[in-house]
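Student: I have a structure to look through. Can we go over it piece by piece?

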2 protein chains.
Amino acid sequence: MKEGPDIAQIGALIGDPARANMLAALTGGRALTATELAGVGGITVQTASTHLAKLEVGGLLTQRKQGRHRYFTLADEAVARLIESMMGFAAGRGHLRHRPGPKEPALRKARICYDHLAGDYGVRMLDSLIASGSIEAVGEGLALTEKGESDLKCIGIDVGDLGSSRRPLCRSCLDWSERRAHLAGSLGKALLLSFLDKGWARRTAESRSILFSPEGDRQFLRLFPIDA
Amino acid sequence: MKEGPDIAQIGALIGDPARANMLAALTGGRALTATELAGVGGITVQTASTHLAKLEVGGLLTQRKQGRHRYFTLADEAVARLIESMMGFAAGRGHLRHRPGPKEPALRKARICYDHLAGDYGVRMLDSLIASGSIEAVGEGLALTEKGESDLKCIGIDVGDLGSSRRPLCRSCLDWSERRAHLAGSLGKALLLSFLDKGWARRTAESRSILFSPEGDRQFLRLFPIDA
DNA sequence: TTCATAGTTCGATCGTAACCGAAGCATCGC
DNA sequence: GCGATGCTTCGGTTACGATCGAACTATGAA
């Protein structure tokens, strides 16, 4: 007994409904204020404040003061991965809050997963990149090919700029709604940013869903075809 | 708010220290009785019984009656992966129950992670397989090479027998003690089984550690050299 | 049959943590 | 300076769940 690290602490941190809701909301990657988080948690600001303090000392959150606001974000990408993996697990068990039907169509179509694109469009993008030979899937891992590197340069992404950090270029991330892999890592982030830059899509204020403009939709589907 | 699957339920299930200890013990892959689990949880049988019932309806455990015993196991491999990933996360945050020193040397040297080898020896094995060109690491994924397939046949493992199931052949699993990857998947399982078959190592009754015999130790180190 | 072991269920106790109202700081706009 | 807004801290209430003793069921052994 008492072998290894203490799972119970973080389990308990995530185990409270209000905290879980706040964490899930922060998976959107956007920094949120304490009042906003109180809203998604369905509790008053006082209670939210104590929750947030606990999450912070637990190492799941970081806060940043700015004026009279305090912006909270997930501490790092590892937290985001943990939350998403728990969501995937819970979805697989049928631990759904609502019935699994297409309750939030926009959320299933395209949403943000920490900093990259998830949902139907995220899965489609990775599928297409693999089909075109830009990305190679080996086991559970992903690797960018030379063809992929030149293809990406055509749409304005210089992979050389991304490789510097310790963060892996390509990472596969499992989607709870699709139960399929989509592209994470610094490349996944860069791609989403380029879509936003080009005005193809924009983030919504309160939800994690990503809305594509009609034109952006056309461009995206053209760029990442599915040849079924 | 209230988007996606319910994380809080499983978080709360893992969030109780007694339950977390039981789950961690079951990560050893071995089926344990309610009384044994009460022991590792540090609680009485009555309390353990209610905990186990909760874990079962939560979908984390399954039980199997055999005589007057009830053997509990993790519901499936996904649960094991979730627990190990949480351990890895917790270890990275310094959420350690004891100080990180070599508290359980045997456990750090070689232990079982659901059904494959973890710890120092697990990491060494994968490193060696990669160095010898038997396994190729691509991004975060692992793939068996042709050389690896023939090499494995020499030690009595026919990869053809393993590929049938839906479970991936090679999977990388992050180790909480070493913080490095080791080999999971059906190949990782097959390798560990062959070690046990050959009498090189044996599982211990109460702990998750794996004990190598002096001869088995020699063979293992010869088979998986590290050329630093 | 009787006894022993393994496990569950019941009932009651107890602690802890979630929760909110109210008060206290801090920052912004005026 | 003043009031308004955002957030934290304090105090007290409340509710839930972990815990165990005791009683009950089931299997096995003698």
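Student: Which residues does S186(A) touch, not counting residues up to four places away in sequence?

Tutor: This is a predicted model, so keep that in mind throughout. S186(A) sits in helix α9 of chain A. Leave out residues up to four places away in sequence, and the residues that S186(A) touches are L162(A), R167(A), P168(A) and L169(A).

Student: Is S186(A) buried or exposed?

Tutor: Buried means under 20% relative accessible area. S186(A) has 10% relative accessibility, so S186(A) counts as buried.

Student: How many aromatic pairs are there over all chains?

Tutor: Two rings pair if their centres lie within 6.5 Å. Over all chains, that rule gives a count of 14.

Student: What kind of aromatic pair do F195(A) and F220(A) form?

Tutor: Look at the planes of the rings. Planes over 60 degrees apart count as edge-to-face. For F195(A) and F220(A), the centres are 5.5 Å apart and the angle between the planes is 85°, so the pair is edge-to-face.

Student: How many residues apart are F195(A) and F220(A)?

Tutor: F195(A) belongs to helix α9 (residues 185-197) of chain A, and F220(A) to helix α10 (residues 214-223) of chain A. The pair links distant parts of the chain, with a separation of 25 residues.

Student: Are F195(A) and F220(A) buried or exposed?

Tutor: F195(A) has 1% relative accessibility, so F195(A) counts as buried. F220(A) has a relative accessible area of 0%, so F220(A) is also buried.

Student: Which residue lies over the face of W200(A)?

Tutor: W200(A) belongs to a cluster linked by ring pairs, with F195(A) and F220(A) among the members. At 4.9 Å from the ring centre of W200(A), over its face, lies K198(A).

Student: How are α5(A) and α1(B) oriented to each other?

Tutor: Two packed helices are described by the angle between their axes and the distance between the axes. The axes of helix α5 (residues 77-93) of chain A and helix α1 (residues 7-15) of chain B come within 9 Å and cross at roughly 100°. That makes α5(A) and α1(B) roughly perpendicular.

Student: How many charged residues are in the contact of α5(A) with α1(B)?

Tutor: From α5(A) come I83(A), M86(A), M87(A), F89(A) and A90(A); from α1(B) come I7(B), I10(B) and G11(B). By class, the contact has 7 nonpolar residues, 1 polar residue and, as for charged residues, none.

Key: Residues numbered from 1 in each chain as written. Chains lettered and ligands numbered in written order. Predicted model: local features only at pLDDT ≥ 70, side-chain atom pairs only at ≥ 80, totals over all residues. Heavy atoms only, no water. Phe/Tyr/Trp six-rings, centres within 6.5 Å; stacked < 30°, edge-to-face > 60°. Helix = DSSP H or I, 4+ residues; strand = E, 2+ residues; numbered from the N terminus. Buried < 20%, exposed > 50% of the residue type's maximum accessible area, 1.4 Å probe, protein only. Lys NZ or Arg CZ within 6 Å of the ring centre and 35° of its normal. Axes fitted to C-alpha atoms, helices over the stretch in contact; angles between N-to-C directions. Parallel < 35°, antiparallel > 145°, perpendicular 65-115°, else oblique. Contact = heavy atoms within 4.5 Å. Nonpolar A, V, L, I, M, F, W, Y, C, P; charged D, E, K, R; others polar.
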